[in-house]
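Hi,

Here is the structure I said I would pass on. Have a look at it first, and my notes follow below.

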Amino acid sequence: MLTTLSTEDLIPADHPIRRIRRVVDAVLAELDGVFDAMYATSGRSSVPPEALLKSTVLMAMYSIRSERAFCERLNYDLLFKWFLDMRIDQPAFDASTFSKNRQRLLDAEVADEFFAAVVRQAKLRRYVSSDHFSVDGTLLEAWASHKSFKPKGGPPAEPPAGRNAEVQWHGEKRSNDTHASTTDPEARLARKSNATAAKLCYAGHLLMEHRSALIVDAELTTATGYAERDCAVEMLARLPDRARRRTVAGDKGYDTKGFVADVRALRFTPHLAPNTTNRSSAIDGRTTRHRGHVVSQRIRKRIEEPFGWIKTIAGGRKLRYIGQARNRAWFKITAAVYNLIRITALDPRPA
């Protein structure tokens, strides 16, 4: 029995994945020069870098936890094969080869190039505002447990008595100055508020524009007490200069004299939520009396939408990689995937 069935015939014409693929293909076309330099010139045949990047997009959209789980699903999911331009009978990637080849994306800094190309697609469609922005940060739990948080330079640890041995921390003072994780040394012990427990984390930061709630910059840093404000200033400084004064909105955590002075030096008006708890706010009625401040504070809450999507759908509530560099690349690509979904939702539907 012979058949001429292809994956193209199986995907409905009005399926949302078709619109997403069109935008992804346009983005990848911009990166042809980057991908050409990433192909191996010798050795065994490897996974094409375009396929690696498109696979990462699928993993984020369909909540796939690991490369091994993705390669297993690729064997039988025809939608995945269609998205990757694979034949029905083409075997899936080997999980070990796939994981090893992903290092090439990190070495070539493809995550930054891919994110920038997606933002350019949004700008070509005039979806991005150049005047009004919001900043925020969140903690992303690292792939390391409390038991790996041990004193620095101490004596060699004794072999554990079993796979999940009991550990007693009562009365022991632990801090990032004296302790470090043996699993992920770059993770830091941090907590969002006094009402929550401290965990080994990284800090994720987003810069959102106000017209379409698209992410125009994303960054992942170590979780220090000042990371949110410092990184927000860096992301604002990376925006193109404009003669017209712009605004940036933020929550109470950004209401400090240092942050306000820094953003004003960058010609941004700080539309921040005043923090008057046992202190005076760094902004006064000259800023808060204007209607624009109220509008910025209302729109600013939409920055929680990408954070929620990254943590739940994309699986970022607990990071899957070791080290800041790999987790940063994942965070940038995942933020770009969120933008892809937003762009296709904003695009006019064909009649």
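How much space lies in the largest cavity? About 40 Å³. Keep in mind that this is a predicted model, and that the structure holds 1 cavity of 30 Å³ or more.

If you want to find that cavity on screen, pick out Thr56, Met59, Ala60, Arg102, Arg320, Tyr321, Trp330 and Thr334, which line it. Two elements, α4 (49–61) and α14 (324–346), each give two or more residues to this lining. The largest share, 3 residues, is from α4. Sorted by class, the lining has 4 nonpolar, 2 polar and 2 charged residues.

On to the salt bridges, of which the count comes to 24. Here are some that I looked at:

- Arg125 and Asp347 meet through their side chains at 3.0 Å, N to O. This pair links distant parts of the chain, 222 residues apart: Arg125 is in the loop between α8 (110–124) and β1, and Asp347 is in the segment after α14. Arg125 is partly exposed because its relative accessible area is 28%, while Asp347 counts as buried at 16%.
- Arg242 pairs with Asp131, with 3.4 Å between the closest N and O atoms. These two also link distant parts of the chain, being 111 residues apart, with Arg242 in the loop between α9 (227–237) and β7 (246–250) and Asp131 in the loop between α8 and β1. Arg242 is partly exposed at 35% relative accessible area, whereas Asp131, at 15%, is buried.
- Asp89 and Arg87 form a salt bridge at 3.1 Å, N to O. Asp89 has 61% relative accessibility, so it counts as exposed.

There is also a network of salt bridges that links Asp112, Asp217, Glu219, Arg238, Arg328 and Lys332.

As for the surface, Leu5, Leu10 and Ile88 make a nonpolar patch of about 240 Å². Leu10 sits in helix α1 (residues 7–10) and counts as partly exposed, with 38% relative accessibility.

Two other residues made it into my notes. Ser134 belongs to strand β1 (residues 132–141), and it is buried because its relative accessible area is 0%. Its C-alpha atom is separated by 19 Å from that of Ser281, 147 residues apart along the chain. Arg174 lies in the loop between β2 (149–151) and β3 (179–181) and is partly exposed, at 21%. From Arg174 to Pro151 the C-alpha distance is 8.0 Å, with the two 23 residues apart in sequence.

Cheers

Key. Residues are numbered from 1 along each chain as its sequence is written. This is a predicted model: local features need pLDDT of at least 70, side-chain atom pairs count only at pLDDT 80 or more; totals for chains, interfaces and linings use all residues. Side-chain values use heavy atoms; hydrogens and water are left out. On a 1 Å grid over the protein atoms alone, a cavity is a set of points where a 1.4 Å probe fits but cannot get out, and a pocket is an open set with protein on both sides within 12 Å along at least five of seven lines; lining residues have an atom within 4 Å of a point. Grid points are joined across faces, edges and corners, and a volume is the space filled by probe spheres set on the points. Helices (H or I, at least four residues) and strands (E, at least two) are DSSP runs, numbered from the N terminus. Ala, Val, Leu, Ile, Met, Phe, Trp, Tyr, Cys and Pro count as nonpolar, Asp, Glu, Lys and Arg as charged, and the others, Gly among them, as polar. Patches are made of residues with over 30% relative accessible area and no salt bridge: like charges are joined within 9 Å, nonpolar side chains (Val, Leu, Ile, Met, Phe, Trp, Tyr) within 5 Å. Accessible areas come from the Shrake-Rupley method with a 1.4 Å probe; for residues, only the protein chains shown count as cover. A salt bridge is a side-chain nitrogen of Lys or Arg within 4 Å of a carboxyl oxygen of Asp or Glu. Buried means under 20% relative accessible area, exposed over 50%, partly exposed in between (1.4 Å probe, protein chains only).
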